[in-house]
Amino acid sequence: MMTRTELTLLVPEIIVVAVAAAILLVSVVSKRDNRWLTLMLGIAGALAAGAFSLQYLDIDPTPIFSGQLTIDRFTVFLRLVFLLVAVATLVLTVDQLERIPFAEFAATVLFSTVGMMLLAGATDLIMIFIAVELMAIPVYVLTAFTRFRRISTEAAIKYFTLGAFATAVLAYGMAWTYGLTGQTGLKAIAESLPAIVDAPDIEVLLALGLVLVGMAFKVAVVPFHVWSPDAYDGAPTPVSAFMSVGPKIGAMAMLVRMVGMAFEPVSANIQVLLYVLAAASIIGGNIWAVQQTNIKRMLAYSSIAHSGYMLAGIAAATVAGTGDRPFYTLLYYGVAYALMNIGAFAVVFVMERRTDSVEISAFRGLAQTSWMPAVMMTIFMLSLLGMPPLAGFFGKLFIIQALVGADLGWLAVVLVVGSVVSAYYYLRVVVYMFMRNPEEGADAAPFRISDSMASVIFAAGIGSLAVGIFSNWLFEIARDSVLLASF
Amino acid sequence: MSIPLNAYLLVGAILFSLGTLGVLMRRSVLIVFISIELMLQGVNLTFAAYGAFLEDMAGSMFVVISLTVAAAEAAVGLAILVALGRRVTEFYVDRLDTLRW
Amino acid sequence: MTDQIVAFTYLSIVASVAGLATILVRSPVHSALSLVVVVFHVAGMFVLLGNGFLAAVQVIVYAGAIVVLFLFTMMLLDLRRHETERTVHRRQIWLAIPIAVLLFAEVAWIAISKPEISENLKGAFPPQTIDELGGSAQALATVMFTDYLLPFEVASVLLLAAAIGAMVLARNPDEESLASPPDMIEDAAGTDGSSDQPEGELSETPATHG
């Protein structure tokens, strides 16, 4: 039964839904697309939702709505990350992409954000299923939002087809999990699994395998990644930034809940699967990224490699006796990855607006014409590569520490080798910007970047630096989030 | 209930596998979408059967949610197809080749 | 007892054959109609399971809404001109069949060897309780509006999001509410598509605004 406390804990999600609805209503009433008003509403909603979430940073894990959601610090932490991602996407788009209806765009972004926020706290199979869909379906729409471009709708079709296929596989895995345990709550599943785990072992594997395959599609790990380069390439660039971060971290959070809560008693059965997926993504993502000439596709493959790094952190946590279960590497990495990836896509968006090209060669001599985006892009590339003292370095460091602590030295070696390979394609962008001359006939005059784009790029750049420099502080928060969480 | 659970699960498996085959095999985007619906039919049957034999209502609840999701997916997927339809009249998976797979 | 077995045998055979037809027929229209047959027979199995409410919802939502949506889209898109073409991926089929067969073999084997559900896993809704409550609809309502209230509410947000998305994407571009200059990033690929753009046949879509 619903109580007042339960509703209070759900206020952030309610605010975001209400703001999305308000944005739609305002655009209908005012009969025109007032972009700045929409943006202000969106930011105000996100701030309010964030402030409400922060109030409960030190909450004890509280199951609400009969265990559908669990509000703990893990949930609160991720809610803030998702709100940040949503705001960055809206600010990046507000004075660009003139032909799309911005009110609907903002509402769709916010609906997807609500899905992610619910997913971060979902601790019941039914809740997880509906939250995953609320996260994913608006992103299919966002991919097709610039529907006057053929590649946009085509990318959306590919993304939709494989996403819906993954949903069906995930649902089938959930059906078998339910049949195995008779429960839908993750805690209850974990309690009833040990009683049956010995007898029909293959049944456990089937249920788990289907769930894992479904989620592997959603987070885009090799070999379930085929949709992601096309989807990132075809989507409008702010949407690429959004979907490379939000749904990915959301699906990872779901994986943590599933592996850490529901399947904890049988996590030994899936370790090997997780290792293989992680290693394959690191190797495949990096090798394919080297071959790309289109920077959006390069970032897509790079984000597949980063999925592999995050998955390696989760794999380390499934090993018995890893102490406080190093899921916290994922939280820290998630923040770092969100900042640097959004920043990188924002600079790509600037270049796309200016040169009408998303080829890496468009970055030739950027430092000569305008130094600001060049310097910022360098920060993002070095952070993605993992250079100290930037955010990406500490993210990888913490994962490697967790891997070594879990006796998974070989996976740590794969991670390091993958990062070395990635130096080639990240540094190539930097070399193009600083050591090459602009292409013949290119517009050499410095260009003005709109204030909103610049603010996203600066915020992401400063964030990447700060999260690196104050890594211990954030790391403590992330660690406490996991220690205070309910798994 | 004289029919054993296994029989329902088997029919569910048949529908799900046929749907999977359709998704992987057919060229027409529309038939791929329909095949995904067929997979969901298998899922629904499995959930409903388990729910009945477990004497629990969560199975039915999942079927209701799954129907909602299927409806939402169909609406969005077909809308994307209509948006594409304004540009091209070809609806084969391997003809969507502006982007490399 | 035997009438149940007869009914189940009929339902399962027709559902499987119709499922096969769904993925094998040439035309999407026939495929969608085969799906309707599957939907009706799966609904019949829901009735055999004692869940009449789900059977009704299944028929209303799938046959009444989803398949109609499919057929409507097919009419909008006029697919007849491609009916003579190849229907399957030549290369992919050699991957697709083994995957599907392996998946089916594994799941079928587990399904057949699945032992009876043990008593201690069973929940709070045995058939007599459902009868006391007045039927499957009442039994479902007791969990839908208590334990599963939140997913039920979130489902409404999902439907709203999907409705908005579908409206934005399927709106007629000529009647766009915003008359702005062409976007800078309109790509070159757009031009190759516009040459074979269907003329006029889509222009009757009402331009609804969210």
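In chain B, what share of the contacts with a separation of 6 or more comes from residues 24 or more positions apart?

Mentor: The share is 49% in chain B. A contact here is a pair of residues whose C-beta atoms, placed from the backbone, lie within 7 Å. Keep in mind that this is a predicted model: local features need pLDDT of at least 70, side-chain atom pairs count only at pLDDT 80 or more, and totals for chains, interfaces and linings use all residues. Residues are numbered from 1 along each chain as its sequence is written, while chains are lettered from A and ligands numbered from 1 in the order in which they are written.

Chain B holds three helices and zero strands. Its order from the N terminus is α-α-α. Helices are DSSP runs of H or I with at least four residues, strands are E runs of at least two, and both are numbered from the N terminus. Of the 101 residues in chain B, 83% are buried. Buried takes 20 or more other C-beta atoms within 10 Å, exposed 12 or fewer, partly exposed anything in between.

Now the neighbour. In the contact between the two chains, chain B uses 67 residues and chain C uses 84. On the chain B side, the elements giving two or more residues are H1 (5-25), H2 (29-54) and H3 (58-85). H3(B) gives the most, 21 residues. By class, that side of chain B has 45 nonpolar, 14 polar and eight charged residues. Ala, Val, Leu, Ile, Met, Phe, Trp, Tyr, Cys and Pro are nonpolar; Asp, Glu, Lys and Arg are charged; the others, Gly among them, are polar.

Chain C itself is helical too, with eight helices and zero strands. Its elements run α-α-α-α-α-α-α-α from the N terminus. Buried residues account for 30% of its 210 residues. Of the chain C contacts between residues at least 6 apart in sequence, 59% join residues at least 24 apart.

Two domains are marked in chain C: domain 1 (1-80) and domain 2 (126-174). These bounds come from an automatic or database assignment. The C-alpha centres of domain 1 of chain C and domain 2 of chain C are 21 Å apart. Where they touch, each of these domains of chain C supplies five residues. The domain 1 side has two nonpolar, three polar and no charged residues.

One residue of chain C shows the link to chain B in detail. Ala139(C) lies in helix H6 (residues 136-144) of chain C. Ala139(C) counts as buried because it has 23 C-beta neighbours inside 10 Å. Neighbours within four places aside, Ala139(C) is in contact with Met57(B), Phe125(C), Ile130(C) and Leu133(C). Phe125(C) is 14 residues from Ala139(C) along the chain, and their C-alpha atoms are separated by 7.7 Å.

The largest nonpolar core also takes in chain B. Such a core is a set of buried Ala, Val, Leu, Ile, Met, Phe, Trp, Tyr and Cys residues joined through C-beta atoms within 7 Å. This one has 312 residues, and Leu134(A), Ala346(A) and Ile80(B) touch the most other members. At least three of its residues come from each of domain 1 and domain 2 of chain C.

Follow Ala346(A) into chain A. Beyond four places in sequence, Ala346(A) is in contact with Leu92(A), Ala241(A), Met453(A), Val456(A), Ile457(A) and Ala460(A). Leu92(A), Met453(A) and Val456(A) come up again in the packing of H4(A) on H19(A). Helix H4 (residues 73-93) and helix H19 (residues 451-469) of chain A pack at about 150°, with axes 7 Å apart. Axes are lines fitted to C-alpha atoms over the stretch in contact, and angles run from 0 to 180 degrees between N-to-C directions. H4(A) contributes Ala88(A), Val91(A) and Leu92(A); H19(A) contributes Ser452(A), Met453(A), Ser455(A) and Val456(A). That gives five nonpolar, two polar and no charged residues.

Another pair in chain A is helix H2 (residues 11-30) with helix H3 (residues 35-55), at about 170° and with axes 8 Å apart. Val11(A), Ile15(A) and Val19(A) are among the H2(A) residues in this contact, and the H3(A) residues include Leu41(A), Gly45(A) and Phe52(A).

Last, Gly234(A), which sits in helix H10 (residues 227-234) of chain A. Gly234(A) is buried, with 29 other C-beta atoms within 10 Å. Gly234(A) and Ile342(A) are 108 residues apart in sequence, with 17 Å between their C-alpha atoms.
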